[in-house]
Amino acid sequence: MRCFFLVALFPLLANSQDAAATIKTAEYALGMIRGPQRIDAINTVEYWGTGTVAYHASISYAVPAMRVDITRAGQRQIQVVSGEYAWNESVPGAGFIAGSVATPAPDTLKDRLLELWTTPFGALKMAERAAANARVTHDGGVTVITFPVMGITVKATLNARNQLSRVETPLTEISYSDYKDLGEITSDVLFPTHIVKKQHGDTVLDLTITKVDANNPYVVFPVPEAVERNH
């Protein structure tokens with residue numbers, strides 16, 4: 001019985017080890033692994049883009065938190081998530097600026113956190129944290145990492161350069177391509193310059209990324225009192 005158990009367990013252990021190695025290779029490919037300790041050094045990031053909207057995202061993977069500032073057809077929307085809170089802002093930092101408005105949006109919490117964890121850096125971080133629950137398959141030269149995020153199964157596909165090319169959830173598909181170092185200070189951290197997001201097969205976002213700050217920029221997401229009070 002013990003031999004049977006070990007034989008049955010071996011493929012699971014082998015796949016877990018394969019997944020860990022594949023994730024680490026992808027992190028190296030994006031330049032996430034830094035310093036003499038060779039650890040993931042990407043804690044915060046900001047990026048800007050144009051296309052179907054004017055887009056500015058600020059992210060802290062440690063909190064976790066994300067602010068997305070979108071202007072579409074002259075209408076500005078600022079969507080924020082920080083830890084267990086989600087809200088909308090009239091201006092960045094609303095609730096701490098005179099005349100500004102911060103509106104609680106608790107129903108969007110899970111969706112906004114999922115948006116954060118399906119960014120290129122975020123997906124690899126969550127795949128690594130999934131540990132033994134991450135799986136990798138190699139089919140027809142395509143490598144796919146599957147892992148759970150908040151009870152949802154996420155599939156991350158790598159291209160021939162081990163860069164994240166697609167992230168899929170049950171409702172969305174996000175394509176990432178044309179990776180470059182777009183930082184004002186060259187750091188060899190690569191980020192996609194083209195992002196396309198689809199929901200139920202329809203394109204909802206098509207961005208050309210014009211600027212990236214992956215050198216751990218200072219980003220803050222203070223939770224307004226009105227949001228805490230009405231959460």
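## Close-ups of a predicted model

**View 1. Strand 12 meets strand 13.** Start with Arg166, whose bridge partner in strand 13 is Ser175. In this predicted model, three bridges pair strand 12 with strand 13 (residues 172-180), and the two run antiparallel. They make a hairpin, with three residues between the strands.

**View 2. Strand 12 also pairs with strand 11.** Here strand 11 (residues 152-158) and strand 12 (residues 164-168) run antiparallel, joined by four bridges.

**View 3. A closer look at Thr157.** You'll find Thr157 in strand 11. Is Thr157 buried or exposed? It's buried, because its relative accessible area is 4%, under the 20% cut-off. Leaving aside residues up to four places away in sequence, Thr157 touches Val142, Thr143 and Val144, plus Gln163, Leu164, Ser165, Arg166 and Glu168.

**View 4. The largest cavity.** The model has three cavities of 30 Å³ or more, and the largest holds about 110 Å³ of space. Its lining includes Tyr47, Glu115, Ile174, Tyr176, Lys197 and Leu207. Strand 13, strand 14 (191-199) and strand 15 (202-213) each give two or more residues to that lining. By class, the lining has seven nonpolar, two polar and two charged residues.

**View 5. The second largest cavity.** This one holds about 60 Å³ of space. Among the residues lining it are Lys180, Asp181, Leu182, Gly183, Phe191 and Val212. The lining divides into seven nonpolar, two polar and three charged residues.

Key. Residues are numbered from 1 along each chain as its sequence is written. This is a predicted model: local features need pLDDT of at least 70, side-chain atom pairs count only at pLDDT 80 or more; totals for chains, interfaces and linings use all residues. Side-chain values use heavy atoms; hydrogens and water are left out. Two strands pair if DSSP finds at least two bridges between them. Buried means under 20% relative accessible area, exposed over 50%, partly exposed in between (1.4 Å probe, protein chains only). Contact means heavy atoms within 4.5 Å. On a 1 Å grid over the protein atoms alone, a cavity is a set of points where a 1.4 Å probe fits but cannot get out, and a pocket is an open set with protein on both sides within 12 Å along at least five of seven lines; lining residues have an atom within 4 Å of a point. Grid points are joined across faces, edges and corners, and a volume is the space filled by probe spheres set on the points. Ala, Val, Leu, Ile, Met, Phe, Trp, Tyr, Cys and Pro count as nonpolar, Asp, Glu, Lys and Arg as charged, and the others, Gly among them, as polar.
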